[in-house]
Amino acid sequence: MKISIIGYSASGKSTFAQNIGDILNIPVLHLDKVNFMPNWKERKIEESEKIVLDFIKENNKFVIDGNYYKFAYDLRMKISDKIIFFDFDRFTCLFQACQRYNKYKGKVRESMTEGCCEKLDWEFIKWVLFDGRTEERINRYNRVIEQYKDKIIIVKNRQEADDLLDKIKIDKKI
């Protein structure tokens, strides 16, 4: 099973991805870990894409969490057996970002690179509320939904995410 999890920032993609990986016993790649080196320094796009491509080549089953359109995005969507789109509203995402910050303040989440302590600054708040929801980004999601309608699962809120996770726990598949 090859699973891609995409969607809005702070919607819970990374936690969900790790849970699926644990349940199905398959490797998980968090694209935030690929993109960021310690102290929030961004890795070169070519290097990041190579990491993603190597991960795909080395694993016939996986969960990849994150958008990062320059990291073999089209290939990831094409080869995925399931694409899970976290389509949470912006205020839920902001609320979850605040909760995450309170939980991990001064710490590094499991889905982040060592040396990238949790932060909640105006730049990220603006990203969650506005910049991460541009017409271009929305259109990109809509193209994926249309092109891969036979393998996309749209998750609109935390309850739907929890229900899907419960189903995966029972069925051991998506």
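**Strand pairing and helix packing in a predicted model**

Student: In which sense do strand S1 (residues 2-7) and strand S5 (residues 62-65) pair, and over how many bridges?

Tutor: The model is predicted, so local features need pLDDT of at least 70 and side-chain atom pairs pLDDT 80 or more, while totals for chains, interfaces and linings use all residues. Residues are numbered from 1 along each chain as its sequence is written, and side-chain values use heavy atoms, leaving out hydrogens and water. Strands are DSSP runs (E, at least two residues) numbered from the N terminus, and two of them pair if DSSP finds at least two bridges between them. For S1 and S5 the sense is parallel, over 4 bridges.

Student: Which residue in S5 stands opposite Ile5?

Tutor: S1 spans residues 2-7 and pairs with S5. Opposite Ile5 stands Asp65.

Student: In what order do the 5 strands of the open sheet lie?

Tutor: The edge strands, each pairing on one side only, are S2 (28-30) and S7 (152-155). The pairing is parallel, and the order is S2-S5-S1-S6-S7.

Student: Are H1 and H8 roughly parallel or roughly antiparallel to each other?

Tutor: Helices are DSSP runs of H or I with at least four residues; axes are lines fitted to C-alpha atoms over the stretch in contact (heavy atoms within 4.5 Å), with angles from 0 to 180 degrees between N-to-C directions. The axes of H1 and H8 (residues 158-171) come within 10 Å and cross at roughly 10 degrees. Angles under 35 degrees count as roughly parallel, and over 145 as roughly antiparallel. H1 and H8 are therefore roughly parallel.

Methods:
Angles under 35 degrees count as roughly parallel, over 145 as roughly antiparallel, 65 to 115 as roughly perpendicular and the rest as oblique.
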